[in-house]
Amino acid sequence: MQTDELTAAARELSREMEKLSFGPPVAFTYNPLEYARAGHEAYIRAFGGGGRKEVLYLGMNPGPFGMAQTGVPFGEIAAVTQWMGLMALIGQPAAMHPKRPILGFACPRSEVSGRRLWGLFAKLYGSAENFFAHAYVANYCPLIWMSETGSNITPAQLPREQVEQIDAACQRHLVRLIEILQPRCLIGIGAYALKQLETAAASLPGRDFTLGTLLHPSPASPVANKLWPQRPIEQLRDILTRAGLSELLPPAEA
């Protein structure tokens, strides 16, 4: 069963992440696949089945008020509860930064990136069921790192040897996702995610993929703040046209 395969793959990735340790600049590491497993697996059960997914969207790693709280990729709480109709009991990591508590679905903060991304798909496809009938969204790495001050640390800020350990496990998981879901179209949400998809695609000889990228919805991006959602809609039209998936094109008036 497809959802069982996705669940097993996520649990294996979580186990591999739990084996890793991180030094400075990292002071705190959260693994939502572990403490928020109920939320992530609810997402898989609801939207990971139904056969082949023509499009796989990939993000980088969790945001502090999205997947870190819900276990769902880009999991802004209102989008998860109201659009996806999901709710789960969320635990907590063993050590938490006081400025970045895990409150689960009681978290009062909104994840702007998730609100923008899921809002885009709601605008283009209406219901969550319509979107997930042909697509799936995942993160490349499930971990979120914080400094002593509570500021977010990206993979690019980690020492090379730690990045290599992360990539070894996360690339195996990404390839497994592609093998399970059988997408024709691989879309990175931002340049970092596209790079990871290109690496995974190169390790699957004989498979023909259309690759592309969407503007990352982060509020830290001046371009996203100015051009969301018009720019990602244009990008998505281009990618799906190149992939021969005209039936999935957003309507012209979107």
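How do the axes of helix α6 and helix α11 cross, and within what distance do they come? Hi everyone, let's start there. The axes of α6 (residues 112-125) and α11 (residues 230-242) cross at roughly 60° and come within 11 Å. Before I go on, a word on what we have: this is a predicted model, where local features need pLDDT of at least 70 and side-chain atom pairs count only at pLDDT 80 or more, while totals for chains, interfaces and linings use all residues. Residues are numbered from 1 along each chain as its sequence is written, and side-chain values use heavy atoms, with hydrogens and water left out.

Helices (H or I, at least four residues) and strands (E, at least two) are DSSP runs, numbered from the N terminus. Axes are lines fitted to C-alpha atoms, for helices over the stretch in contact, and angles run from 0 to 180 degrees between N-to-C directions.

Back to our pair. α6 passes α11 in a right-handed crossing; right-handed means that the near helix is turned clockwise from the far one by less than a right angle, and left-handed means anticlockwise. On the α6 side, Leu120, Lys123, Leu124 and Tyr125 meet Pro232, Ile233, Leu236 and Leu240 of α11, where contact means heavy atoms within 4.5 Å. Those residues divide into seven nonpolar, no polar and one charged. For that count, Ala, Val, Leu, Ile, Met, Phe, Trp, Tyr, Cys and Pro are nonpolar, Asp, Glu, Lys and Arg are charged, and the others, Gly among them, are polar.

Now please look at α1 (residues 2-18) and α3 (residues 37-47). Their axes are 9 Å apart and the helices pack at an angle of about 150°, so α1 and α3 are roughly antiparallel. The cut-offs are under 35 degrees for roughly parallel, over 145 for roughly antiparallel, 65 to 115 for roughly perpendicular, and oblique for the rest. This crossing of α1 with α3 is right-handed. Thr3, Leu6, Thr7, Ala10 and Arg11 of α1 make the contact with Arg37, His40, Glu41, Ile44 and Arg45 of α3. Here the division is three nonpolar, three polar and four charged.

On to the cysteines. Is cysteine 141 buried or exposed? Cysteine 141 is buried, at a relative accessible area of 1%; buried means under 20%, exposed over 50%, and partly exposed in between, with a 1.4 Å probe and protein chains only. Cysteine 185 is buried as well, at 0%.

Next, the prolines. One runs from proline 24 to proline 25, with omega near 10°, and proline 25 lies in the loop between α1 and β1 (28-30). Another joins tryptophan 228 and proline 229, with omega about 5°; proline 229 sits in the loop between α10 (222-227) and α11.

Finally, some backbone angles. Phenylalanine 74, in the loop between α4 (67-70) and α5, has a positive phi of about 55° although it is not a glycine. Phenylalanine 74 is buried, with 9% relative accessible area. Glutamine 182 also has a positive phi, near 55°, and belongs to the loop between α8 (160-181) and β6 (185-189). Glutamine 182 is partly exposed, at 31%.
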